[in-house]
Amino acid sequence: MNDEIYMQRCLELAKLGMGKVSPNPMVGCVIVHENQIIGEGYHQKYGEAHAEVNAVNEVLLKFGDEANNLLKNATAYVNLEPCAHFGKTPPCADLLVRHRLKKVVIGNTDPFAGVSGKGIAKLKDAGIEVALGVLADKCTWLNRRFFTRIQHQRPFIILKWAQTANGYFAPLDGSRRWITGAAAKQLTHLWRSEEDAILVGKKTALIDNPQLTNRSIAGKNPIRIIIDRGLSIPLTYNVYNEEAKTIIFNELKTEVKANIHFVQMEDMEFYLAQKVAFQLYLMDIQSVIIEGGTHILNQFITGNLWDEARIFTSSTTWEDGIHSPVIKGDIIENIKVGDDQLTVLSRKKL
C-alpha cells in the first residue's frame with residue numbers, strides 16, 4: 001500500500017506540469033527514506049530539469065552534508081521510467097545511479113521502442129533494486145497524450161462541441177448563437193490551456209470570428225490550427241491577431257509571417273483528418289482540441305481519429321438547426337457544469 005500511496009503523490013506532482021512540458025511527458029518523483037518523504041519534484045517546463053533532478057536537488061538543499069547518506073538508503077518513486085539518453089537534459093537514470101539510491105519504483109516503462117527498458121537496465125546494472133507497474137493504469141491515463149503520440153504517430157485528439165437539448169449544433173442561417181452558459185465557457189478556456197493546439201474549420205472561423213485563446217484564465221494559449229483551403233478568411237479576423245501562434249492549412253502557399261504559419265497541403269478534400277493528424281505529429285503537437293464545425297468533426301469521427309469527445313448539452317431547445325455529430329464511445333464522465341450537462345466519451349479501441 002505504501003508504494004501506491006507514494007506513486008499517487010507522484011501523479012499529483014506530475015499533473016502540475018499540465019500544459020507546460022509537451023511534447024515531453026508529465027512526470028513526478030518522490031524520494032522516501034524510512035517511510036518519510038525527504039524530497040519531491042516534477043517536470044515543470046519543457047527543456048528544463050526533469051522530475052528526478054528536482055527531487056534529488058530538494059534533498060541536497062534540505063539535508064546538506066547528510067543528504068548523500070540518506071539517498072543511499074532511500075527509495076525513489078517515479079511514474080515513468082527514468083530517461084537513459086541525452087536530450088535537452090542529461091539522463092535521469094545516471095543521476096539516480098550516481099547518488100546510489102537503494103530502490104526505484106516505476107509506474108510505466110518508456111513507450112519509445114528504442115529507449116524502453118534502457119533506464120531500468122542502467123539502474124539494475126548499478127545494483128539498484130527496481131519495481132515496475134505500480135498504479136500503471138493511472139500512470140498511463142495521466143500521460144495518455146504522450147503515449148498516443150509515440151505509439152500512434154499522431155496527437156491525442158479531443159473533439160468538443162455544444163448542442164441543444166434536442167440535438168442541434170448551430171443555426172441554419174449561419175448566425176452566431178450561444179448554446180451553453182458562462183461556466184461551460186470558463187471550463188473550455190481551462191481545457192485550452194492544457195492542450196497544445198485548438199483546431200477549427202473555415203466556416204466556424206467566418207461565422208464566429210473566434211479568438212481561440214484561454215483569455216478567462218491564467219495559462220498559455222494553444223496553437224491555433226485553421227483549415228482554410230482557399231485562404232478566404234479575411235486578415236482582419238481574430239485568428240490572425242498576435243495572441244497565439246497560428247497554423248493555416250491551405251492549398252495555396254507555404255509561408256511564415258510573424259506568428260502566422262501558412263502550410264500548403266495537396267488535395268485537402270481527400271483524407272483531410274488523416275493528413276492533418278500526421279502534419280501535427282510532425283510538428284511535435286502532442287494534443288489538439290477540435291471545436292468545429294460539424295464537417296470537420298464528422299471527418300475525424302468517420303476516420304476513427306479521436307480519443308475523447310467532450311459534449312456540452314444545454315437545457316434549451318431550438319425549432320430547427322444543424323444537427324450535432326453522432327458519436328459512440330465509452331462514457332468517462334457525466335456531470336453538471338453550471339446549467340449545462342457535460343458528457344465525456346472515450347473512443348472504443350478497434
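The model is predicted.

The domain assignment divides the protein into domain 1 (2-148) and domain 2 (153-346). Ten residues from domain 1 and 16 residues from domain 2 make up the contact. The C-alpha centres of the two domains are 35 Å apart. The size of an interface is often expressed as the accessible area lost when the parts come together. Between domain 1 and domain 2, the buried area is about 1100 Å². Carbon and sulfur atoms give 50% of that area. On the side of domain 1, three residues stand out: Gly-19, Arg-145 and Thr-148. Together they supply 52% of the area that domain 1 buries against domain 2, more than any other three residues.

Polar links also cross this interface. Three residue pairs are in polar contact between domain 1 and domain 2. Helix H7 (residues 144-152) gives the most to the side of domain 1 that touches domain 2, with four residues. The rule finds two salt bridges across the interface.

Helix H7 is mostly covered. Seven of its nine residues are buried. These are Arg-144, Arg-145, Phe-146, Phe-147, Thr-148, Arg-149 and Ile-150. Just after H7, Gln-153 takes a positive phi of about 55°.

The whole structure holds 14 salt bridges. Side chains of opposite charge can pair when their charged atoms come close. One of the salt bridges joins Glu-308 to Arg-144, with the closest N and O atoms 2.8 Å apart. Glu-308 belongs to strand E14 (residues 308-313) and Arg-144 to helix H7. The pair links distant parts of the chain, 164 residues apart. Glu-308 counts as buried because its relative accessible area is 3%, under the 20% cut-off. Arg-144 has a relative accessible area of 16%, so Arg-144 is buried too.

The next residue of H7 is also paired. Arg-145 forms a salt bridge with Glu-195, and the closest N and O atoms are 2.8 Å apart. Glu-195 sits in the loop between helix H8 (182-194) and strand E8 (197-201), whereas Arg-145 lies in helix H7, so the pair ties together parts that are 50 residues apart in sequence. Both Glu-195 and Arg-145 are buried.

A further salt bridge brings together the side chains of Asp-307 and Arg-154, at 2.7 Å from N to O. Asp-307 is in the loop between helix H11 (294-302) and E14. Arg-154 is in the loop between H7 and strand E6 (156-163). The two residues are 153 residues apart, and their pairing links distant parts of the chain. Asp-307 has 5% relative accessibility and therefore counts as buried. Arg-154 has 7%, so Arg-154 counts as buried as well. Elsewhere, salt bridges that share partners join Arg-9, Glu-12 and Glu-40 into one network.

One residue carries an annotation. In the unreviewed UniProt entry, the annotation "active site" covers Glu-52. Glu-52 lies in helix H2 (residues 51-63). Glu-52 is classed as buried because its relative accessible area is 4%. Leaving out residues up to four places away in sequence, Glu-52 touches Cys-29, Val-78, Leu-80, Pro-82, Cys-92, Leu-95 and Leu-96.

Definitions and conventions:
Residues are numbered from 1 along each chain as its sequence is written. This is a predicted model: local features need pLDDT of at least 70, side-chain atom pairs count only at pLDDT 80 or more; totals for chains, interfaces and linings use all residues. Side-chain values use heavy atoms; hydrogens and water are left out. UniProt positions are given in the numbering used here, feature names are shortened, and annotations may be inferred rather than shown by experiment. Buried means under 20% relative accessible area, exposed over 50%, partly exposed in between (1.4 Å probe, protein chains only). Contact means heavy atoms within 4.5 Å. Domain bounds come from an automatic or database domain assignment. Buried area is the accessible area (1.4 Å probe) that two parts lose on being put together, summed over both. A salt bridge is a side-chain nitrogen of Lys or Arg within 4 Å of a carboxyl oxygen of Asp or Glu. A polar contact is a pair of N or O atoms within 3.5 Å; within protein, one must be able to donate a hydrogen and the other to accept it, and residues adjacent in sequence count only if both atoms are side-chain atoms.
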